[in-house]
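Biologist: I would like a close look at the aromatic side chains of this structure, taken slowly and with the criteria spelled out.

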Amino acid sequence: MPLDRHWINGRGDRIRTCDLYVPKLDDTSIEWLEIKGLRVLIDSWGQHWGQYHLFRAGDEVGTTMAKKSKVELEKGVERRKNHFRFRHRTQWMEGNERKFHVHTQTFEFLPDKDCLLQNLPPKNGLWEANALADANNYSNNYFHDLTRQGMTGRRETMVAGTFREWLERYRDEGLKGHAYGHPDTPAPFALEPRAQEGRTHDIGQINTLLRMGGFAVDGDEEVLTNPRRRANALKNRPLVSAPVGAILKADIQALTQANFRTILNLWSHGTAKPDTKRRLRTTLRMCFKFHADYYDMKAPMDWLAGEIKGTGEKGKARALTRDEWGKVDKALTASHMHPSVEAALRFIRWTGCRRAEAFRLRWEQVRWPTASLRDMPTTVEFLRTKAARGTYKDRTIAIPDQAVDALRLAAGIGPKSQDWPKQGWVFPQPKPGQNRLAGQDPVAGQTVYTAFKRLFVAPGATPPANVSLVAMGVAPASPHILRHTRATEMSVIMPATQLMEYFGWDDPETIKIYVKLAEEMGLLVRDSDNLLRPAAQLQSEQNVRDYGKGLSIKQQEALVAKMAADLAERKATSKARKRP
């Protein structure tokens, strides 16, 4: 049927000075139409108005000009990142037991640009408009068959419940992957892709909140039967609070912002930092989103909208000055802690490695200089070290003599001995504890952390009788500050690319943190050109100039001639070494 100068129905786009021949179209067909050298793809004519594509004549791939579709999603259809998903949940009562069934179907699509590059035909289901049409048609057919089978009695209703029930259901089905209250039964939904560390953290937060309300958590009975684990659990157990228990028992629809503030005020014994509180709120929001996505329980989240004061920025990095490290070094020597623990701390100090990298180190990863290459440094290979989010990589670094001495201390050998261990953990657990066997497992992080914290006196605390056991005048710190100290020192003498490889960084912005620390500590100073240079280097140059000022002109000339001769000799020696 010829059309001339008509308005396209649905959006009012004018087609000017053309003859449009429209074949028979129904609500699912896709046809190609010729309009003066431009081909217009009309998707799902009659039902899905609003989305079209323009291709320039003669282009091999073409240029796509797509406007956002105004097509409404049918019941049960929702758009995800790369697919449309149809989901419908039905529930019914059998006696006193509530039954439910969730039916899902996905319709994948590709971005229009990718469809063009692959030269997909217009009727291919990977076009977004076609996938949407398929999902909507599936929804219509599904509910038509559901009505014909007489199953409309299974109504979608708002399933309420207590706050505690929601937390436990999200923990079991959304994080652990088993049915709510039935550890041996798989969850009715597949787990969303996510890092295991994040799941473990959120499970811990939910369990802590349940314990604060006075509720038992699966696994507590097993912990309490072990005396050591029981003592550690009781020491770190959150304070049971009657207000939190009342909040957990409250109906999910009755929660208020006052309830959220109560939880925040009691979290971490009332000492939680803003970032910790924000992470808790994120976990609770994920709980509500899980119920909205999979159970159609769309309870309001306004009660989580309370203000959390604080910038959320990380605290300023800190490094030990030379005087502070001297005091810590003396306290380490005088403390007579276990050689494995002391060696681990000194190794972290002089290599700048992460604590976990040191604790997982084995003797098989240490490379010693061979007889033919005695001048080569000792190297250590760290396996599966932290890189970009969710990825790991191996890296090898050369370690200084101070780190080699720490390895000698861990191995229990003398300063000149070459009888190095061939296998096993470099820093083994000194005694049973932290669920580890002495000598057979790597040292626990808590063991090293506790030993290091004992070297400092908390503000207002009484120092011990033997003050040599503590670093007097040094603010309390954690073992990770030893990595900051080494990174600050190395930022003065090592180029940026080598620095990133040495410490395992991926973001060049990290270097600026330690360069700024080095400048604040006086390790880097600005010269007359406002460039940062090592303070020791500038001091050496100044000493030479001061020395020259005290000489006569003839003595200065003789000194310059001698320095020029030395420089020429060094250049000649360097060129001779480079020749094959």
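Over the ring of which residue does the charged end of R349 sit, and how many Å from its centre?

Modeller: This is a predicted model, in which local features need pLDDT of at least 70 and side-chain atom pairs count only at pLDDT 80 or more, while totals for chains, interfaces and linings use all residues. Residues are numbered from 1 along each chain as its sequence is written, and side-chain values use heavy atoms, with hydrogens and water left out.

The charged end of R349 sits over the ring of W325, 4.8 Å from its centre, and also over the ring of W350, 4.0 Å from the centre; a charge sits over a ring if NZ of Lys or CZ of Arg is within 6 Å of the ring centre and within 35 degrees of the ring normal.

Turning to ring pairs, a search of the whole structure finds 17 aromatic pairs, where rings of Phe, Tyr and Trp (its six-membered ring) pair if their centres lie within 6.5 Å, with planes under 30 degrees apart counted as stacked, over 60 as edge-to-face and the rest as tilted. The rings of F107 and Y138 have centres 5.6 Å apart and planes at 65°, so this pair is edge-to-face. The pair links distant parts of the chain, 31 residues apart, with F107 in strand β8 (residues 97-108) and Y138 in helix α2 (residues 128-148); helices (H or I, at least four residues) and strands (E, at least two) are DSSP runs, numbered from the N terminus. F107 counts as buried at 15% relative accessibility, whereas Y138, at 25%, is partly exposed (buried means under 20% relative accessible area, exposed over 50%, partly exposed in between, with a 1.4 Å probe and protein chains only).
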